[in-house]
Amino acid sequence: MEIKFLGAAGTVTGSKYLVTAEGKNILVDCGLFQGLKNLRLKNWEAPPLDPAVLDAVLLTHAHIDHSGYLPLLVRRGFKGRIYCTFGTRALCAILLPDSGHLQEEEARYANKRGFSKHSPALPLYTQAQAETALRQLSPLNFGEEFPLGKGLSFQFLPAGHILGSAMVRLRQGSNSLLFSGDLGRPNDLIMRPPATVRRADYLVLESTYGDRRHASGDPEEELGKVLLRVAERGGVVLVPAFAVGRAQTLLYCIQRLKASGKIPDIPVFLNSPMAVNATNIYCKHFEEHRLTAEQCEAICGTAKFVNSVEESKALNRKRGPMILISASGMATGGRILHHLKAFAPDPNNAILLAGYQAAGTRGAAMAAGAESIKIHGEYVPVRAEVVKMDSLSAHADYVEILQWLRGLESPPRTVFITHGEPAAADALRRRIEEQFHWKCRVPEYLETADL
């Protein structure tokens, strides 16, 4: 068996791992590169493998940096099955077509305004191509051992990151290779904790927060202080939020803050059709999270769901106080860009960054104190208060990752540390080597390792 790192090596996006064993070619995750331009350009390049030779794709979860390349893989010749959990299948059904739709809209807008260097600007893939890829998804239950042939099998284990998120355990005879996927947190407000794994001969481990700890305070209380402060000055709290996971957590916290009287009854708008659909999916999958049917119903009643483009445009003419939640979480595209153009220049407003911001994204620029950000070919001043909240993150920090690793009863032969910026990956490597004395490697892009 060997593994080739086709993504999430030296960066926190583009997760793709090619596992070859017994003549079988298995791709674990199939994500888009995001952030820095040199990474995004990789999405347009010919893939470093022939999709037609793949036997199967195993998907850890639905986030675009893990699933967003699937339409291209199918368009370029992949004919096999894409295995995932039922929750991931439900979320991909909204995330992937939305991704294609956004790319079509951005290409159309670029052509209309003439700010693209390409003539004409084209989408990476279309909504129709994304919908075609969905036909190849085959959902499985957590824990179900599924044969791939030639003595290979795999199973999904709960990862606790978002709905449907899984670790993937590949077996070849008595040997096992475990992919952590995105590892959730033990005390997440909504998701149940990641499953404890007792044995893995080889481990591919994410390191998004490999060099950081999340704030130890109460995230709900921290959020309440921001919302109250901005409301008192009549401002708008604009929240770029991941449509799956983060949007639901924010609505849950806001609902509780209002119910307890800690914040006034500020109007809340969820301007993301994808987040609206994802919230409804969370309400149908009680077995995977902590919320009851009543709590899910309360979440849905917390915000006015905005669907039409006309309603979205009208929000830009409204004034505070109000809370406006819109995708995407790192301000890379979608309706949030138009809201930033409307609200970022006003110092009475606030931009709440409630999750990880990858290098090269507008979210990362604002978190670093950028005085302006480039949107649709123009620079928009950022005079609004920018608040970074890591306490709402759905990723385990390094302390929580080390705590999860203690569940392993014997050391893996090698831990491959991926899905992190270079400093984060190296910091986690050092901590694992010092605390556990395990062999660790931080692989490079396109590196191959024999197992």
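Helix 4 (86-113), helix 5 (127-134), helix 8 (273-284), helix 10 (309-315) and helix 11 (335-343) each contribute at least two residues to the lining of the second largest pocket. Helices (H or I, at least four residues) and strands (E, at least two) are DSSP runs, numbered from the N terminus. Helix 4 provides the largest share of this lining, 11 residues. The volume of the second largest pocket is about 860 Å³. Of the 30 residues that line the second largest pocket, E105, V309, G334, R335 and H338 are the closest to its centre. A pocket is here an open set of points on a 1 Å grid over the protein atoms alone, where a 1.4 Å probe fits, with protein on both sides within 12 Å along at least five of seven lines; lining residues have an atom within 4 Å of a point. Grid points are joined across faces, edges and corners, and the volume is the space filled by probe spheres set on them.

The model is predicted: local features need pLDDT of at least 70 and side-chain atom pairs count only at pLDDT 80 or more, whereas totals for chains, interfaces and linings use all residues. Residues are numbered from 1 along each chain as its sequence is written, and side-chain values use heavy atoms, with hydrogens and water left out.

The next element is an open sheet of 7 strands in the order 7-8-9-10-11-20-21, with mixed pairing. Two strands count as paired if DSSP finds at least two bridges between them.

Contact means heavy atoms within 4.5 Å; axes are lines fitted to C-alpha atoms, for helices over the stretch in contact, and angles run from 0 to 180 degrees between N-to-C directions. Helix 14 (residues 422-436) lies across strand 11, strand 20 (414-418) and strand 21, at about 155° to strand 20.

Q172 belongs to strand 9. Its relative accessibility is 19%, so Q172 counts as buried (buried means under 20% relative accessible area, exposed over 50%, partly exposed in between, with a 1.4 Å probe and protein chains only). Leaving aside residues up to four places away in sequence, Q172 touches M1, A21, E22, G151 and L152.

The structure holds 17 salt bridges, each defined by a side-chain nitrogen of Lys or Arg within 4 Å of a carboxyl oxygen of Asp or Glu. In one of them, the side chains of E400 and R185 meet at 3.2 Å, N to O. E400 lies in helix 13 and R185 in the loop between strand 10 and strand 11, so the pair ties together parts 215 residues apart in sequence. Both E400 and R185 are buried.

A further salt bridge joins R256 and E220, whose closest N and O atoms are 2.6 Å apart. This pair links helix 7 (residues 246-259), which holds R256, with helix 6 (residues 219-232), which holds E220, 36 residues apart. R256 is partly exposed, with a relative accessible area of 37%, whereas E220 is buried at 8% relative accessibility.
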